[in-house]
Every structure is written in structure tokens, then in C-alpha cells.
Amino acid sequence: MRWCWSCIILELSMNSRVRSLSRQYAATLRRYLVRQQEAFLQQAYEIGRKAIASGLGVLDMARIHQQALASCLARAGSAEKTTGALKAAETFFMETLSPFEAAHRGFRGANLELRQVNEALQRRNAQLAALSRDLRNLSSQVLHVQEKERKRISRELHDEVGQALTVLNTNLGMLQRNGTMDGALLKKKIANTQMLLAQTMKTVHRFARELRPAMLDELGLLPALRSCLKNFVERTGLHVRFAASPEAEHLNDDQKTVVYRVAQESLANVAKHAHASQVTVSLRKLSRGLQVEIRDNGQAFEVDQQLSGKGRKRLGLLGMRERARLVNGSFAVKSRPGKGTAVIMEIPILCKR
């Protein structure tokens, strides 16, 4: 019941505003038809603005205009005066509708902007959905690769370190049991034991470097990279050029780790897939950060296809991109036939922590 009374009061108020506006319109139109002055057209424009503010539409204004014009034409008299009054009334009416046209244009502009914003949001949502899928796939593949890596390390520890330690233990036992062993045989056993011990230590050091290079923490990023490149050259025989800005040492610990791992993964990809003869690793200071580039002269590949596919190579690219993202950096891969492949990462230089 209270709602019905509210509707009735609102309707009465609306009707009152319409009647007031109709009287104002008719009076202004009559004055304009008598003296066609610019001031009356300005009043017509203001009437149109009031009509919009009152919630009236174009049809409502057409009805008000029709009633006011009929009243004015009844007093026109001759056909010539009637024709002149109709032309002047048309000008007056069009001026009244100008605010409606402006509002309509504004609405169309706002609607266009809203459509553009919605399209941008849809594109952004699609990108976020794709990123979310990539991250889920990456997480799944990381777990799989971690398990494979653990199996590999476990097998190598058993096969290499375990067997070597077994032989060392056997040799030490023989030496202990045979204290009066021939001097030449004793020297041979000791030399064999020392060789096995050196090989075991080398294997353990290799595992340690793969898991976390101590040089990165103790000496810094550039010495760790030089050591990594030296080992890479010894393993692959490829020619490597290295150029680095001292500004690289201003990176914080997390950023240094990202640079080292991206370089390590990129070199592993070169060795496995590129069939290259030369690799260039450079660290350049930019105005707002550091650019890391690993470029080879090997065979190219379809970057988008690799990123959208599956497999170890895709995991490496996604992993590098995710590492760069975690330190607020950017990551890109460029690969062209005859030009080789370039992995480019840019990261801001932040305070050490």
C-alpha cells in the first residue's frame, strides 16, 4: 500500500513538472515566433536540458511542441504567416532537441568506450586463463621432473659414489689385513684408492654444483657464471664468448640465482637441441636494470609452438619465464632460421638483501 502511494505521488510530481514545462515552452515559442531572436533559441536549449533532467524523452517533447504549435497557429491568420511560423517553429523545436542529441552522442561514446573496455577485459581474461593453464601444467611437469631428477641422483649416487666407496672400503680392508704386503703391490693399492677417492670427490662436487653452486654465494655471480661456462666448454667443445657488466653484482641474491639458472638452462638447451658451434653470453647494464642474453648460431625452432606444446623443452622455457616473472623481470625467446636463437631476460636492479 505504501508503495502504491509512492507511485501516485511520483506520477503527480511528474505531471506537475510536465505541465510547468509545457507552459514555459508554449510561452517561449510564442515570443520567438513574434521576434525571432537568438535569446529565445538559447531558452529553447535550456528547456531541452530541463526536459532531460525531468526524465522526459523526445516523444514527450514532440507532444509538447505539437500542442504549443497548434495554439500558436490558431492565431497566425493568413497562409503566409502560417508558413513562416512553421519554419520558425521547426528551428525552435530543433534547438530544443539539441541537448537530446548531445546526450545521445555522449551515450554512444560511453557505450563505445564500455565496449572497448569489455573487449580489453575479455582479452585480459583469456591471457590470464592461458597463464593459469601454463602454470598448472608447469607445476605438474616440475613435480614430474623433480622425481626424475631425484631418481637420477639416487642412481648415480648408488652406481658411482656407492660403488667407489665399496671398492675403497675393500682396499682399506685388504691393507689392514695384509700389513706385510709387498711394497710395489702396496703402492699400487694406495694409488688405486687415491684415484677412486679423487673420482668420488669429483662426482660429489658435481652434484653440489648442480644443486647449488657454492661459488655463487661465496664469490658472486660473475665468477659462478665463468665457472659454469668453463665446464660447459669442457663438456661440449663449443666456442663461448662471455661479456658482463660489473653492475651484475648489484643484483640481490634472488636475482643472481635467477640469472644463473636461466643461463644454465639456456646452455643445456643449446647443448641438447641447437647443434650450434658458438654461444655468446652477455650481461649489459640498461638504464633501469640488467639485460641477460644467451645467443647461439644453431638451428632455429618455432617458439610459439614450443610454448604451446608439451615436453622437456617447453618446461625449460616456461620455467625460465616464470623465474624472470618472480623477480619482476621480462623474458623473451627469439629464434629465426639462419640467425639461431636468443634468450633475452631483463630484470630491474634492486637493493641487495
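Residues are numbered from 1 along each chain as its sequence is written, and side-chain values use heavy atoms, with hydrogens and water left out.

Confidence, then. pLDDT is the predictor's confidence in each residue, from 0 to 100. The protein chain has a mean pLDDT of 80, with 82% of its residues at 70 or more. Residues 5-13 fall below 50, and that stretch has zero contacts in the model beyond near neighbours in sequence; contact means heavy atoms within 4.5 Å. Where pLDDT is low, the predicted coordinates should not be read in detail.

Now the sheet. Helices (H or I, at least four residues) and strands (E, at least two) are DSSP runs, numbered from the N terminus. Two strands pair if DSSP finds at least two bridges between them. Five strands make an open sheet in the order β1-β2-β3-β5-β4, and the pairing is mixed. β1 (239-244) and β4 (330-336) are at the edges with a single partner strand each, so one side of each has no neighbour in the sheet. From one strand to the next, the twist averages 10°. Angles run from 0 to 180 degrees between N-to-C directions, with axes as lines fitted to C-alpha atoms, for helices over the stretch in contact.

β2 (residues 278-285) and β3 (residues 289-296) run antiparallel, joined by seven bridges; Thr-280 has Arg-295 in β3 as its bridge partner. Helix α8 (residues 253-274) packs on the sheet, where it touches β2, β3 and β5 (340-348), and its direction makes about 175° with that of β5. Helix α7 (residues 221-236) lies across β1 and β2, at about 175° to β1.

Back to β4. Seven bridges pair β4 with β5 in the antiparallel sense, and Val-333 stands opposite Val-343 in β5. The two strands, β4 and β5, form a hairpin with three residues between them, and Gly-338 in the turn has a positive phi of about 85°.
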